[in-house]
Amino acid sequence: MANLMRGSQQLFRRQPDETFQSLGEILAKCRDDAERSTDRWRPPKGMKPVVHEGRLELDLGDGNESFALNDWSFTQLCGLAKVSKDTLNRLSAETAGRVISETLPGGNKPAQLFTRDDQIRSIHGHSYSRLHDSDLVSMLMEFAVDFSPPQAGCTGGTGLYRGEQDLFCFMIDPTGWVEVGGEAFAPGFYAWNSEVGRRSVGIQSFWFQAVCANHIVWDAIDVTEFTRKHVGDVAGVLPEIRRVVEALVKKRDERRDSFAAVVRHAMETTLGDDAEEVVKLLSGRGITRQLAKRALEMAAGQGRFTIFSVVDALTKIAGEVKNAGDRAEMDQRASGLFALAKVPTPPWEELEVARAGKR
């Protein structure tokens, strides 16, 4: 089992204005940005750095007003000019503008500038393909309907974040707990994107046992990841991410149905015909005679000593134990009795097994 840190890393680096309470709220912000943003194609040689009110801006050479740069688009501009961002930050705006003017590449191959209002959100080469955050969030709202953010983290972070550079969604199914190998797990996933080229688009799904206040995912199993860079037909990634979500939901339902079948059978299967026989069986499974007799006294009120009634009684007794280690050990031994509830194999599965044996 693994401990996953992505959610924790996001929790401690995000500012309050990047934090959202629901997918619906984050979708509204994404759609507003998409509707007010524009792709502009310009050759770098036509871009002119200018100084406006003491700050460096970029004139795109089409007669409009100059555009402001945020931290990310300024970083990309430095990369396009192949100059050090740290060096330019030590220069005056006028000097930095002259440096960029002299180092921007020539030629007619256009760069892709993504603007909102009077600000440049990103600058890319011609091969970059954009996937809007709103497209990813809309898909999650449609296919991950039972999932929600985890409990608020110690900083107040919700697991749903979007800033000027990227989007990150941490989602779990709080009602999806199932039994896997005698232990309880619930499904969850991380999904991320950047419509300005800060990171790839992708999803990581998993089954976990706990999420702490630091948003560390503890004891994760079945961890799968799918990512893709923003090139070519990047919109084609959405069906792939949807399939990951659908597979997670399908496995949750299968595991839930399987455990439900075990519980139903446990309610119908008795551990023995009389108390002494059941005490002997429980003693063989590490449960003391004193504890077994007390559990049977509680289970007797349900009419017979079924696996479920005895497990239920042992669990209630364990809840009275103050020491967490002793309590966990009792719970583990009690839940281990479910292994005695052997669910009959459906006839069609027996037929498939027989057919497989003949191949």
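Analyst: Helices (H or I, at least four residues) and strands (E, at least two) are DSSP runs, numbered from the N terminus. The model is predicted: local features need pLDDT of at least 70, side-chain atom pairs count only at pLDDT 80 or more, and totals for chains, interfaces and linings use all residues. Residues are numbered from 1 along each chain as its sequence is written, and side-chain values use heavy atoms, with hydrogens and water left out.

User: How many helices and strands does the protein chain have?

Analyst: The protein chain has 12 helices and 14 strands. Helix H3, for example, covers residues 71-81. Just after H3, Lys82 has a positive phi of about 60 degrees.

User: Where else is there a positive phi in a residue that is not a glycine?

Analyst: Most residues other than glycine have a negative phi. Glu53, which is not a glycine, has a positive phi of about 50 degrees; Glu53 lies in the loop between strand E3 (48-52) and E4. Asp222 also has a positive phi of about 50 degrees without being a glycine, and Asp222 is found in strand E14 (residues 217-228).

User: Why is Thr115 called buried?

Analyst: Buried means under 20% relative accessible area, exposed means over 50%, and partly exposed is in between (1.4 Å probe, protein chains only). Thr115 has 1% relative accessibility, so Thr115 counts as buried.

User: Which residues does Met267 touch?

Analyst: Contact means heavy atoms within 4.5 Å. Not counting residues up to four places away in sequence, Met267 touches Arg304, Thr306 and Phe308.

User: How do you know that the side chain of Thr115 makes a polar contact with the side chain of Arg40?

Analyst: A polar contact is a pair of N or O atoms within 3.5 Å; within protein, one must be able to donate a hydrogen and the other to accept it, and residues adjacent in sequence count only if both atoms are side-chain atoms. The distance between the side chains of Thr115 and Arg40 is 2.9 Å, which is within 3.5 Å, so the pair counts as a polar contact. Thr115 is in strand E6 (residues 111-116), and its contacts beyond four places in sequence include Arg36, Phe67 and Ile120.

User: What caps the N-terminal end of H3?

Analyst: Asn70 does: one of its side-chain oxygens lies 3.1 Å from the backbone nitrogen of Trp72. The buried residues of H3 include Trp72, Phe74 and Leu77. Among the elements that cover the buried residues of H3 are helix H5 (93-103) and strand E7 (119-124).

User: How do you know that the buried residues of H8 line one face of the helix?

Analyst: The buried residues of H8 (residues 275-283) are Val278, Val279 and Leu282. Seen down the axis of H8, they fall within an arc of 100 degrees (directions from the helix axis to the C-beta atoms), so they line one face. These buried residues pack against helix H9 (289-299) and helix H10 (307-318).

User: Why is the aromatic pair of Tyr190 and Phe206 called tilted?

Analyst: Rings of Phe, Tyr and Trp (its six-membered ring) pair if their centres lie within 6.5 Å; planes under 30 degrees apart count as stacked, over 60 as edge-to-face and the rest as tilted. The whole structure has six aromatic pairs. Tyr190 and Phe206 are 5.1 Å apart centre to centre with 55 degrees between the planes, so they pair and count as tilted. Both Tyr190 and Phe206 are buried.

User: What makes the pair of Phe206 and Phe208 edge-to-face?

Analyst: The centres are 6.3 Å apart and the planes 70 degrees apart, over 60, so the pair is edge-to-face. Both Phe206 and Phe208 are buried. Tyr190, Phe206 and Phe208 are among the members of one aromatic cluster, which also includes Trp177.

User: How do you know that the charged end of Arg6 sits over the ring of Trp192?

Analyst: A charge sits over a ring if NZ of Lys or CZ of Arg is within 6 Å of the ring centre and within 35 degrees of the ring normal. The charged end of Arg6 is 4.3 Å from the centre of the Trp192 ring, within the 6 Å limit. Arg130 lies over the face of Phe114 at 3.7 Å from the ring centre.
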